[in-house]
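Open the model in your viewer and keep the selection tool at hand. The tour below goes from one selection to the next.

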Amino acid sequence: MKPRFSDDPQKMLFALVGYIGGLLCIAIIVFCAVRHTQKKKAENTQIVLDLEAGAENIEEEALNDDWNADEHRGSAYAREELSGEVMQFGEIWGYVMAKREDEFDYSMPLTDIGYFSADVNSYGELSTLNRGDNFAAFSGRIHLVSTCESRALTHFVLDPAYSVRDRLVKSLIAASANYDGLQIDYELVPARDGKHFLEFLRLLKAGLGDKILSVAIPARVRTIKGDVYSYRALAAVVDRIIVMAYDEHWSTSEPGSIASIPWSRRVGEYSASVIPSEKLVMGLPFYGRTWGDFTTNKAYYFSGINRLLTENHIHTIERDDNVPYFSFKKEITITGYFEDEQSLLARTRLYKDLGIKNLAFWRVGQEDGEYWKWISSENADVEPSEE
């Protein structure tokens, strides 16, 4: 007969110690969990308090800030008082984005609207852009703008070796039936498709009849050999050339003006020397850009991560299920260039002095509204083309 467990005091002692030890372990785990929860709650509470304190500080600063934007015509900075006469131009074009029609105002001194945009999809098919009742009370002309946002796709739709080109030409002509003109804004024409681009435009012009065919092209300061956007060659085919005199500096360039005055002068002088004045429409920017001196969103080598940590004196990491991670704060300097009444006025006067008769603006809704009072149209009642 085997002895009972209760008859062995030593085994009972070991069992009791194990039982008590298990209870202690459970108690420690529960205690740690409670402490962790309390700590996180305290941290969250502190974050809320910090945010509330920050909001109170902002409100207090706002109360103490005696800046009155109304006194500066809606500006967050002091405007300079400008003087001079209102300038007249033959045509004043403004681009309006689909689904942002409410940013257009009938008081704007526009003679032409570029309705943006009917895009070409991956199959070479034209997306529809229904004018509908938009701009119903506008007395000027409205142009359908077509875009193609891929270099490979642009080649695909321009090269006559494919059946896509002729089908697209027919679609563009049909889509323009309810418009006064058609604008082609294909900014990624491959280098070898220059002749195809011109032939594409010739086919469109032949099909549009009396309607205006315009083309939007990049800014140039000189003639470039083999340029697919040859100003002279295009001027022989289309009715209007919109020179996009902006993006001198862009999102990945060094900080700088969207269109500095000296650069704008060079673009204007060259454009006026090769494009007939009645066909030249000089584009001006309404938008601005910002640049930061530190970019965070990118992939890294391990060595790059080490360098980043070392440069910022980070020598402690945390792990999420064995995967290391870190976080730190860094001060970033933001540099921004933008357009306002004064810069737009200076550029407009420059183009006026160069004898440029027509302007276009990218795009309606982005502008400093104070600018509009400086320009007017000689042809304010431009008659739409007959359908």
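Which helix gives the most to the lining of the second largest pocket? Select helix 7, residues 302–311: with four residues, helix 7 gives the most to that lining. Bear in mind that this is a predicted model.

To show the whole lining, select Phe302, Ile305, Asn306, Leu309, Ile317, Arg319, Pro324, Tyr325 and Phe326. Colour these residues by class, and seven come out as nonpolar, one as polar and one as charged. The space they line, the second largest pocket, has a volume of about 180 Å³.

Now move to the largest pocket, where the space amounts to about 310 Å³. Select Glu187, Met244, Tyr246, Asp247 and Tyr287, which lie nearest the centre of this pocket. They are among the 14 residues that line it. What does the lining of the largest pocket have by class? There are ten nonpolar and four charged residues, and no polar ones.

Eight helices and 14 strands can be traced along the protein. Of its 387 residues, 38% are buried. Switch to a surface view: the accessible surface comes to about 23400 Å², and carbon and sulfur atoms account for 53% of that area.

Definitions and conventions:
Residues numbered from 1 in each chain as written. Predicted model: local features only at pLDDT ≥ 70, side-chain atom pairs only at ≥ 80, totals over all residues. Heavy atoms only, no water. 1 Å grid on protein atoms, 1.4 Å probe; cavity = no way out; pocket = protein on both sides within 12 Å on 5 of 7 lines; lining within 4 Å. Points joined across faces, edges and corners; volume = space filled by probe spheres on them. Nonpolar A, V, L, I, M, F, W, Y, C, P; charged D, E, K, R; others polar. Helix = DSSP H or I, 4+ residues; strand = E, 2+ residues; numbered from the N terminus. Buried < 20%, exposed > 50% of the residue type's maximum accessible area, 1.4 Å probe, protein only. Areas by Shrake-Rupley, 256 points an atom, 1.4 Å probe, with all protein chains shown as cover.
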